[in-house]
Amino acid sequence: MIAFVSGPVAAVAPDTAVIEVGGVGMAVQCTPATLSGLRVGEQARLATSLVVREDSLTLYGFADDDERQVFELLQTASGVGPRLAQAMLAVHSPDALRRAVSTGDEKALTAVPGIGKKGAQRLLLELKDRLGEPLGSAVPGARSAPAPGWSDQLHTALVGLGYATREADEAVAAVTPQAEETVAAGGTPQVAQLLRAALQTLNRTR
């Protein structure tokens with residue numbers, strides 16, 4: 001098992017980072033939140049989980065060991081593969097997922113693309129005794145820091161991809177109506193989808 005990769009960031013794409021390890025570029029699948037913290041040329045350390053299939057070897061990367069552990073625990077539920085587990089972590093932090101499962105928050109799970117009402121009910125049942133309580137609740141009165149809003153995450157991701165601050169501002173503004181429509185419908189803006197849309201607007205203007 002490859003527990004982590006550490007080295008300079010060689011490239012960052014909408015869903016992948018390339019970390020140079022001993023002269024070899026390791027492609028690592030990451031969530032938008034993890035990618036937003038990476039900068040090309042800077043050192044990075046990502047906890048990783050290697051998924052082996054008959055026709056592929058895919059390395060998934062995470063900001064820390066806790067996120068990797070939750071990623072692996074999610075896959076112990078029936079019907080949850082690595083892509084869906086990563087999608088769940090793209091929408092919710094590890095503690096937010098623990099909180100959703102421990103409180104039976106079905107709506108939080110259906111906010112993840114690919115999870116419907118019945119799927120959410122099954123996951124709540126199967127994961128109830130596996131994820132544990134939110135880590136932030138271990139200290140009385142402790143509160144976890146709020147996750148950055150979609151616009152902050154998107155802006156940081158675009159800058160991390162090498163776009164100028166002005167270009168990132170314009171791209172965020174271009175996809176804001178799409179995000180607002182999602183919120184108005186009672187959903188949660190998906191940073192990965194908005195990032196793809198933002199990149200399309202930037203490619204059209206170049």
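Helices (H or I, at least four residues) and strands (E, at least two) are DSSP runs, numbered from the N terminus. Keep in mind that this is a predicted model, in which local features need pLDDT of at least 70, side-chain atom pairs count only at pLDDT 80 or more, and totals for chains, interfaces and linings use all residues. Residues are numbered from 1 along each chain as its sequence is written, and side-chain values use heavy atoms, with hydrogens and water left out.

**Helix H8**
- H8 covers residues 165-184, and its 20 residues reach 28 Å from first to last C-alpha, close to the 28 Å expected (1.5 Å times one less than the number of residues).
- A kink of about 40° sits at Thr176, shortly before Pro177; the bend is the angle between axes fitted to the seven residues ending at a position and the seven starting there.
- Glu167, Ala168, Ala171, Val172, Val175 and Ala179 of H8 are buried (under 20% relative accessible area, with exposed being over 50% and partly exposed in between; 1.4 Å probe, protein chains only).
- An α-helix has 3.6 residues a turn, so residues three or four places apart point the same way.

**Two loop residues**
- Thr31 lies in the loop between strand S3 (24-29) and helix H1 (32-35), and is buried with a relative accessible area of 2%.
- Leaving aside residues up to four places away in sequence, Thr31 touches Glu67, Gln86, Leu89 and Ala90 (contact means heavy atoms within 4.5 Å).
- Gly22 belongs to the loop between strand S2 (16-21) and S3; with a relative accessible area of 83%, Gly22 is exposed.
- Gly22 and Gly7 are 15 residues apart in sequence, and their C-alpha atoms are 8.2 Å apart in space.

**Annotated segments**
- An unreviewed UniProt entry places "domain: Helix-hairpin-helix DNA-binding motif class" at residues 72-91 and 107-126; positions follow the numbering used here, feature names are shortened, and annotations may be inferred rather than shown by experiment.
- Residues 72-91 are 65% helix and 0% strand, with end C-alpha atoms 16 Å apart.
- Residues 107-126 are 70% helix and 0% strand, and their end C-alpha atoms are 16 Å apart.

**The whole chain**
- The chain has nine helices and five strands, running β-β-β-α-β-β-α-α-α-α-α-α-α-α from the N terminus.
- Buried residues account for 38% of the 206 residues.
- Among contacts between residues at least 6 apart in sequence, 54% join residues at least 24 apart.
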